[in-house]
Amino acid sequence: MLPYQVMAKPVGPLCNLHCTYCYYRRRQELFGDRIGRMPDDVLAAYVEQYLAQDADEVTFCWQGGEPTLAGIDFYERALDLQRRYRPPRTKVVNAFQTNGLLIDREWASFLTGNGFLTGLSIDGPQDLHDVFRRRADGSPSWRDAMRALGALQDAGAEINALVVVNSVNAREPLRVYRFLRSCGVQHIQFIPCVERATDGSIAGYSVGGDDWGRFLTAIFDEWVRRDVGRVFVQLFEVMLGMRMGLPAGLCTFARTCGRALVLEHNGDVFSCDHFVTPQHRLGNILDTPLEEMVESDQQRQFGEAKRSRLPAQCLSCDTLFWCWGECPRCRVDTTPSGEPGLNHLCSGYRAFFRHAGPTLQMMADRIARGLPPLASAVQADERTRPALKVGRNDPCPCGSGRKYKRCCGAN
């Protein structure tokens with residue numbers, strides 16, 4: 001059996017933020033008032049069954065909602081169970097995705113001390129982040145995210161910035177990227193926002209295809225010029241790996257999907273994080289073994305549909321080998337010939353793949369010959385140059401155009 005991944009939702013869709021673009025908050029309708037912390041019997045069944053798969057490494061990914069709402073004691077219990085059920089040859093990894101509102105020194109120390117890879121949601125500088133990421137009362141959350149980032153950095157945590165690229169921050173790619181880099185962030189995931197409004201149309205806060213392509217292209221060019229080996233952008237690293245002959249490191253770029261499932265707080269298992277719906281429910285972990293649900297005909301058909309339902313335009317596209325139609329959740333457009341199933345981000349991906357592909361192929365060829373990925377003397381000089389100190393009256397490195405003391409330096 002091929003390895004699989006199960007993302008756990010310790011408190012389901014409960015969250016202390018009400019982000020405008022959040023697709024998961026709407027999942028509360030599935031559970032009504034039966035939302036709370038995952039019971040001990042569900043947690044124990046999950047850890048035992050998940051670790052029973054024949055894999056060298058098993059990653060426990062804790063998401064939400066907001067997973068800190070489960071409390072530190074919940075994860076201490078999870079760690080105890082992992083130690084109890086871990087096969088001798090299996091490496092256990094824990095990944096944690098948070099909005100940062102509850103992250104303090106205690107949380108930061110716990111996550112760092114137990115080797116959690118921590119993903120922190122932050123959409124860029126304050127004016128971009130606070131457009132959509134707000135509390136239920138409408139108050140902003142950027143300062144909380146920055147406070148969490150500082151606490152995690154002080155504790156020495158391994159941090160991954162999670163950036164939802166939407167209709168607003170997509171227009172300022174270099175401001176977003178340079179801001180994160182100026183904050184000392186070395187690992188970044190860019191997640192395109194593609195959601196439907198209540199009337200079925202694409203929501204206004206979603207990123208457009210062309211904007212998505214321009215966003216990636218601008219950041220890629222800067223990354224190649226100065227940050228290869230210093231800043232790790234997930235999508236770029238995955239594409240480089242694919243050029244080196246490795247499997248796609250993201251399910252969105254694989255030919256088929258179905259090996260990344262979701263466990264809800266009540267033990268229900270669903271086909272995918274973006275398909276937590278009644279028709280995609282596979283069963284409950286207390287009633288049906290996890291392995292049986294993963295290998296079920298229902299789940300296999302779900303995974304194969306990614307490839308089998310590609311429109312003809314995709315099958316003849318010269319960049320198909322990069323994306324394979326990307327995530328099925330984004331296949332909401334129609335082709336010029338009227339065929340459904342075209343990815344909403346298609347135009348942007350196609351432009352970006354054509355732009356970045358030759359450079360990534362060159363980098364892969366150099367690595368295969370045992371050489372550094374780039375031979376740029378300028379880049380080599382920048383890698384060895386001491387980090388520049390920003391003066392109070394210098395332009396802010398986030399690219400806002402304001403003085404540092406009146407921008408990021410004021411926070």
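A residue is termed buried when its relative accessible area is under 20%, exposed when the value is over 50%, and partly exposed in between. The structure discussed here is a predicted model. On that definition aspartate 227, with a relative accessible area of 1%, is buried.

## Salt bridges

Aspartate 227 forms a salt bridge with arginine 226, and the closest N and O atoms of the pair are 3.2 Å apart.

Across the whole structure, 22 salt bridges are found. One of them joins lysine 91 to glutamate 57, with the closest N and O atoms 4.0 Å apart. Because lysine 91 lies in strand β3 (residues 91–98) and glutamate 57 in strand β2 (residues 57–62), this pair ties together parts that are 34 residues apart in sequence. Glutamate 57 is partly exposed, its relative accessible area being 43%.

A salt bridge also links aspartate 80 and arginine 83, whose closest N and O atoms are 2.4 Å apart. Here both partners lie in helix α3 (residues 72–85), three residues apart, or about one turn of the helix. Aspartate 80 is partly exposed at 41% relative accessibility, whereas arginine 83 is exposed at 56%.

| Salt bridge | Closest N and O atoms |
|---|---|
| Lysine 91 and glutamate 57 | 4.0 Å |
| Aspartate 80 and arginine 83 | 2.4 Å |
| Arginine 226 and aspartate 227 | 3.2 Å |

## Packing of helix α8

Two packed helices are described by the angle between their axes and the distance between the axes. For helix α8 (residues 209–226) and helix α14 (residues 346–368), the axes come within 6 Å and cross at roughly 20°. The two helices are therefore roughly parallel. On the α8 side the contact includes Trp212, Leu216, Phe220 and Trp223, and on the α14 side it includes Tyr349, Phe352, Leu360 and Met363. The residues of this contact comprise ten nonpolar, seven polar and two charged.

Helix α8 also packs against helix α9 (residues 234–243), at an angle of about 80° and with the axes 11 Å apart. This angle makes α8 roughly perpendicular to α9. Trp212, Leu216, Ile219, Phe220 and Trp223 of α8 meet Leu235, Phe236 and Glu237 of α9. By class, the contact holds seven nonpolar residues, no polar ones and one charged.

Helix α9 is largely enclosed by the rest of the structure, because seven of its ten residues are buried. Those buried residues are Leu235, Phe236, Val238, Met239, Leu240, Gly241 and Met242. They pack against α8, α14, β7 (232–233) and α13 (320–323). Just after α9, glycine 245 takes a positive phi of about 90°.

## Nonpolar cores

The largest nonpolar core has 104 residues, and the members that touch the most others are Tyr46, Trp62, Phe190, Trp212 and Trp223. Helix α2 (residues 40–51) supplies the largest share of this core, eight residues. Leaving aside residues up to four places away in sequence, tyrosine 46 touches Val6, Ala8, Phe60, Trp62, Leu263 and Ile285. Another core, of eight residues, lies apart from the largest one and has Cys61, Val262, Phe270 and Val276 among its members.

## Backbone features

Most residues other than glycine have a negative phi, and most peptide bonds are trans. Tryptophan 324, although not a glycine, has a positive phi of about 50°. Tryptophan 324 is placed in the loop between α13 and β11 (333–334), and at a relative accessible area of 14% it is buried. Glutamate 326 likewise has a positive phi of about 50° without being a glycine. Glutamate 326 is found in the loop between α13 and β11, and it counts as buried at 3% relative accessibility.

The peptide bond from glycine 64 to glycine 65 is cis, with omega near 15°. Glycine 65 is located in the loop between β2 and α3.

Conventions:
Residues are numbered from 1 along each chain as its sequence is written. This is a predicted model: local features need pLDDT of at least 70, side-chain atom pairs count only at pLDDT 80 or more; totals for chains, interfaces and linings use all residues. Side-chain values use heavy atoms; hydrogens and water are left out. Axes are lines fitted to C-alpha atoms, for helices over the stretch in contact, and angles run from 0 to 180 degrees between N-to-C directions. Helices (H or I, at least four residues) and strands (E, at least two) are DSSP runs, numbered from the N terminus. Angles under 35 degrees count as roughly parallel, over 145 as roughly antiparallel, 65 to 115 as roughly perpendicular and the rest as oblique. Contact means heavy atoms within 4.5 Å. Ala, Val, Leu, Ile, Met, Phe, Trp, Tyr, Cys and Pro count as nonpolar, Asp, Glu, Lys and Arg as charged, and the others, Gly among them, as polar. A salt bridge is a side-chain nitrogen of Lys or Arg within 4 Å of a carboxyl oxygen of Asp or Glu. Buried means under 20% relative accessible area, exposed over 50%, partly exposed in between (1.4 Å probe, protein chains only). A nonpolar core is a set of buried Ala, Val, Leu, Ile, Met, Phe, Trp, Tyr and Cys residues joined through side-chain atoms within 4.5 Å.
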